Amino acid sequence: MATVAAEKATPTDRIFNFGPGPAVLPEPVLEEAQRDLMSLPGVGMSVLEISHRSKTFEEILDGAIADIRRLASVPPNYHILFLGGGASLQFSMVPMNLLDPDRSADYVVTGSWSKKAVKEAQKVGTVSIAATTEDENFTSIPEQSELRLDPEASYVHITTNNTIYGTEWHREPNVGMVPLVADASSDVFSRPVDVSKYGLLYAGAQKNLGPAGVTLVILREDLLARRPLPPKGLPTMLDYNTHAQNKSLYNTPPVFAVYILRLVVKWMLEEGGLEAIGRRNAEKAEILYDALESSGGFYRPHARPDSRSNMNVTFRLPSEDLVKQFVAEAGKHGLSGLKGHRSVGGIRASIYNAFPKKGVEALVSFMEEFAKKNG
Ligand code: PMP
């Protein structure tokens, strides 16, 4: 790892961080946060020290909501909420709020996070597995024809990008009139999204949106109206109505995380919005997948071509010993965070929105050298 000067880190001290999350943030965001940390312009205090009920924070929150609405063309009948508890709390909140006791919910299982979502939903009500790709070690996303969907289900839950396995839905499944609920933690706002296709979309911030500590929830209003009374015993803090009615200010929200998220969203707009970001992400991923394909079998991609993720590129080497060597040598070249998840092995290169193309190019050069020496 590069040594960071004692006084002040500069962009040149930074390595290429391929970590799956918390992940790389845009440098202009870090610079603005660093500059304003002692005192927000005209405020005389840092964002860490101000009341969440102050005008300053209200402007940050309103700005974040307005910019997300603009960035993703979120229709007016959707709430935009900032909640605590990580994406993992949504595994519980979704069924607690939306799973009708007289119906079941359909879950499409495409990886470890989907399985965790299922486990929590089963504690709340009846879950039906609409499809699973576990028997092929989650190398793909199911086809529409493979989904066993119940037209009476309370909702259909999918994980839009499988961070661990490196697979991604390339289009939403057709779920008819049933609300589609998505865990979009690892590919949110990585490309254009038609929010109107979703009943609820949630994402932990720490990959594409900002630091850990805040979860974005985009929720269609009528899902709350469907059920005027909260289910008996639903804790106030776990009720979407609480947060929707109080604009995420029922209790103290994670102010610093929301502040950084707001800067990241502003950066995404300045970068040209989701079309431009999506194009860039596709280009970065293509460079890496091409390198895998042209390695003569030295690097073997985990995901099937039709299901590959533009966010997490996963692949194996001829042996796990070579994987260890690869990770160690890559580290010495300033390429960090490449070790695959323990359940898959191999390498995982996470290349979220803020990850620069030149980092992908540096990895590809390193891979070519490594394969030449060890192939
Ligand atoms: N879903 C997905 C797809 C994830 O990648 C992760 C975290 N890596 C989670 C859920 C869990 O998120 P959190 O740690 O915010 O609870």
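User: Where is Pro22 found?

Analyst: In this predicted model, Pro22 lies in the loop between strand E1 (16-17) and helix H1 (27-35).

User: Which residue does a cis peptide bond join to Pro22, and what is omega there?

Analyst: The partner is Gly21; the peptide bond between Gly21 and Pro22 is cis, with omega at about -10 degrees.

User: On backbone geometry, what is the phi of Phe138?

Analyst: Phe138 has a positive phi of about 50 degrees, although it is not a glycine. Phe138 is placed in the loop between strand E4 (126-132) and strand E5 (156-159).

User: Turning to the ligand, how many residues surround it, and which are the closest?

Analyst: The ligand is surrounded by 13 residues, and the closest are Ala87, Ser88, Thr163, Asp183 and Gln206.

User: Which helix gives the most to that shell?

Analyst: That is helix H3 (residues 86-98), which gives four residues to the shell around the ligand.

User: And by class, what does the shell have?

Analyst: Eight residues of the shell are polar, three are nonpolar and two are charged.

User: Which side chain has an N or O atom 3.4 Å from an oxygen atom of the ligand?

Analyst: The side chain of Trp113 does. Another ligand oxygen distance involves Gln206, where an N or O atom of the side chain is 3.0 Å from an oxygen atom of the ligand.

User: What about a nitrogen atom of the ligand; which side chain is 3.0 Å from one?

Analyst: That side chain belongs to Lys207, through an N or O atom.

User: How much of the ligand does the protein bury?

Analyst: The ligand taken alone exposes 390 Å², and the protein buries 84% of that.

User: Changing topic, how many cavities of 30 Å³ or more does the structure hold?

Analyst: It holds one cavity of that size. The volume of the largest cavity is about 30 Å³.

User: Which residues line the largest cavity?

Analyst: The lining consists of Val24, Leu25, Pro26, Lys207, Asn208, Val264, Trp267, Asn353 and Ala354. Lys207 is also the residue whose side chain has an N or O atom 3.0 Å from a nitrogen atom of the ligand.

User: How many of the lining residues are nonpolar, polar and charged?

Analyst: Six are nonpolar, two are polar and one is charged.

User: Which domains does the lining draw on?

Analyst: At least three lining residues come from each of domain 1 (6-26 + 273-374) and domain 2 (33-270).

How values were computed
Residues numbered from 1 in each chain as written. Predicted model: local features only at pLDDT ≥ 70, side-chain atom pairs only at ≥ 80, totals over all residues. Heavy atoms only, no water. Near = heavy atom within 4 Å. Polar contact = N/O pair within 3.5 Å; in protein donor to acceptor, adjacent residues only side chain to side chain. Areas by Shrake-Rupley, 256 points an atom, 1.4 Å probe, with all protein chains shown as cover. Helix = DSSP H or I, 4+ residues; strand = E, 2+ residues; numbered from the N terminus. Nonpolar A, V, L, I, M, F, W, Y, C, P; charged D, E, K, R; others polar. 1 Å grid on protein atoms, 1.4 Å probe; cavity = no way out; pocket = protein on both sides within 12 Å on 5 of 7 lines; lining within 4 Å. Points joined across faces, edges and corners; volume = space filled by probe spheres on them. Domains from an automatic or database assignment.
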